[in-house]
Amino acid sequence: MKYTVVWTKSAEADLVRIWTESADRTAVTTAGNEIDARLRRDPAEAGESRESSRRTLLIKPLGVDFVVRAEDQLVAVIAVWTWV
């Protein structure tokens, strides 16, 4: 079962900023694509659980916080940051 992955406006804006400021834009793009792929495939097993219903996934050079809404088959990426 595939999930739909959406990024909040603030997370998307942060990703654009990270990509723009990065010395290795290819690595940022690759990590973003891998994050999307893993979250589409099996978000309940991706990353580690955090408080409430949040989960965190780290794929260098990015880290993301996300929430899974299984009943809607939806994943919302709510934060992104640089992780090295």
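**Figure 1. Overview of the protein chain, with two helices and five strands.** Helices (H or I, at least four residues) and strands (E, at least two) are DSSP runs, numbered from the N terminus. Along the sequence, the elements follow the order β-α-α-β-β-β-β. The radius of gyration, taken over C-alpha atoms, is 12 Å, close to the 12 Å that the globule rule gives for 84 residues, so the chain is as compact as a globular protein of that length. The globule rule is 2.2 Å times the number of residues to the power 0.38. The C-alpha trace spans about 40 × 25 × 20 Å along its principal axes. Of the 84 residues, 35% are buried, where buried means under 20% relative accessible area, exposed over 50%, and partly exposed in between (1.4 Å probe, protein chains only).

Figure 2. A salt bridge is a side-chain nitrogen of Lys or Arg within 4 Å of a carboxyl oxygen of Asp or Glu. Asp14 is partly exposed at 28% relative accessibility, and Arg17 is partly exposed at 39%. Together with Glu21, Asp14 and Arg17 are linked in a network of salt bridges.

Figure 3. Glu34 has a relative accessible area of 29% and so counts as partly exposed. Arg38, at 34%, is also partly exposed.

**Figure 4. The Arg69–Asp72 salt bridge.** The closest N and O atoms of this pair are 2.8 Å apart. Asp72 is partly exposed at 42% relative accessibility; Arg69 is partly exposed at 41%.

**Figure 5. Charged side chains of the protein chain.** The structure holds six salt bridges. Counting Lys and Arg as positive and Asp and Glu as negative, without His and the chain ends, the chain has 12 positive and 13 negative side chains. With charges placed at NZ of Lys, CZ of Arg, CG of Asp or CD of Glu, the centres of the two sets lie 2 Å apart.

**Notes.** Residues are numbered from 1 along each chain as its sequence is written, and side-chain values use heavy atoms, with hydrogens and water left out. In this predicted model, local features need pLDDT of at least 70 and side-chain atom pairs count only at pLDDT 80 or more, whereas totals for chains, interfaces and linings use all residues.
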